[in-house]
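Here are my notes on the model you sent over. Have it open while you read, and go through the points in order.

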Amino acid sequence: MQKIIARAGVVSRRKAEELILEGRVSVNGHIVRELGAKADPQSDSIVVDGNPLREAGETVVLLLHKPKGYMSTRNDPEGRPTVMDLLPKKYEHLHPIGRLDYETAGVLLFTNDGELTNLLTHPSHGVTKTYWARIKGKIKRETLQKLARGVMLEDGPTAPCHTRIKAETLTNTLVEVVLHEGRNRQVRRMLEAVGHPVRALRRAGFANLSLEGLPPGAVRELLSGEVRQLRKLAGAKPKSRPATSSRPKTAATKHQLTEKIEDVWDE
C-alpha cells in the first residue's frame with residue numbers, strides 16, 4: 001500500500017507508512033493500518049486523508065537547468081521567482097527533488113513519484129551530486145585533501161568526498177566537489193570553512209545526469225530508459241568510496257579546462 005501511495009506522487013514511501021499507521025488511509029471504505037496491506041489502484045477505491053487516490057501513472061522525471069536567482073520551491077512568500085515559473089504548464093503538477101539555493105545554478109530534477117524522490121534524496125542511498133565551485137585565488141593541495149577527508153561544520157563533520165581542481169586562472173580556481181550527502185548549502189559551507197568562500201556555484205551533475213546540451217532555464221523530460229537507470233542507481237547499495245583529491249597534471253589539460261571555466265564565470 002505504501003508503495004502505491006508513493007508511486008502516485010502523493011508523499012514519499014516513508015511518509016506513506018506513517019499515514020497508514022495513523023489510520024489516514026482507507027481501501028474500499030475500510031481503514032488500513034497494516035504496512036503489508038495490498039490493493040489494486042485500478043480496481044480498489046483508495047482514499048488518503050479524505051482524498052481519493054488518483055490512479056498511479058507512469059513516472060515522469062524532468063531535468064531543469066536552474067539559473068541562479070530562482071527559489072527551489074513551488075511558491076515564495078516574499079514574491080521571488082521560483083523554479084515552477086520555468087516549467088511548461090503540463091509539468092506544473094511535478095515536485096522538485098531536493099533543492100538548490102537561490103544563488104546556485106545547475107541540475108534540478110522534478111517528478112510525480114514520491115518513492116523515487118525518497119530514493120534520490122535520502123542520505124543512506126548515497127546518490128552522487130557533482131558541484132563546480134568558483135573561488136577567488138589558488139587553493140593548496142593540502143586544503144583540497146582536507147576537504148576530501150571531511151571538514152567540521154556547525155551540524156557535524158562532512159563525509160569523505162571527491163575533490164579536484166578542474167581549472168585555474170591567475171585570479172580564480174574552479175573546484176569540483178562530488179558529494180554523497182546533501183546538507184543545506186553544504187559546498188558553500190565546506191569551502192568557507194577552509195578559507196575559500198564561493199563566488200559562484202553550479203550543480204553540474206546528479207547521479208548519471210548532466211547539463212550537457214541544456215542551456216540555463218531549459219528543461220527536458222527523461223526517457224523511460226533514463227528513469228529506469230536513475231531508479232537503479234538510487235536503489236543500489238552505495239559502496240565505500242575513499243576520499244580523493246587531484247589537480248590538473250599538464251599545461252594542455254589546464255588550458256582546456258580553463259576554457260570550460262569561463263562558461264561558469266560568465267553566468
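**Notes on the strands, a histidine and a pocket**

1. Let's start with a pairing: Gly106 stands opposite Arg203 in strand 13. Strand 13 and strand 7 run parallel and are joined by 2 bridges. Helices (H or I, at least four residues) and strands (E, at least two) are DSSP runs numbered from the N terminus, and two strands pair if DSSP finds at least two bridges between them.

2. Before going on, keep in mind that this is a predicted model: local features need pLDDT of at least 70, side-chain atom pairs count only at pLDDT 80 or more, and totals for chains, interfaces and linings use all residues. Residues are numbered from 1 along each chain as its sequence is written, and side-chain values use heavy atoms, with hydrogens and water left out.

3. Strand 7 (residues 105–111) has other partners too. Strand 5 runs antiparallel to strand 7, with 6 bridges between them; Val61 has Thr111 as its bridge partner there. Strand 6 (residues 95–97) is also antiparallel to strand 7, through 3 bridges, and Pro96 is paired with Phe110. Strand 7 is mostly covered, with 7 of its 7 residues buried (under 20% relative accessible area; exposed is over 50%, partly exposed in between; 1.4 Å probe, protein chains only).

4. Now look at His65, in strand 5 (residues 61–66). Is His65 buried or exposed? His65 is buried, at 4% relative accessible area. Its side chain reaches the backbone oxygen of Leu214 at 2.7 Å. Leaving aside neighbours within four places in sequence, His65 is in contact (heavy atoms within 4.5 Å) with residues including Gly106, Arg202, Leu214 and Pro215.

5. Helix 3 is worth a look. Because 7 of its 8 residues are buried, helix 3 is largely enclosed by the rest of the structure; Glu115, Leu116 and Leu119 are among the buried ones. Asp113 caps the N-terminal end of helix 3, with a side-chain oxygen 3.0 Å from the backbone nitrogen of Glu115.

6. Thr169 sits in the loop between strand 11 (162–168) and strand 12 (172–179). Thr169 is buried, with a relative accessible area of 16%. Thr169 and Lys136 are 33 residues apart in sequence, and their C-alpha atoms are 9.7 Å apart in space.

7. Finally, the lining of the largest pocket takes at least two residues from each of helix 3 (114–121), strand 8 (129–136), helix 5 (186–193) and strand 13 (198–206).

Definitions and conventions: Polar contact = N/O pair within 3.5 Å; in protein donor to acceptor, adjacent residues only side chain to side chain.
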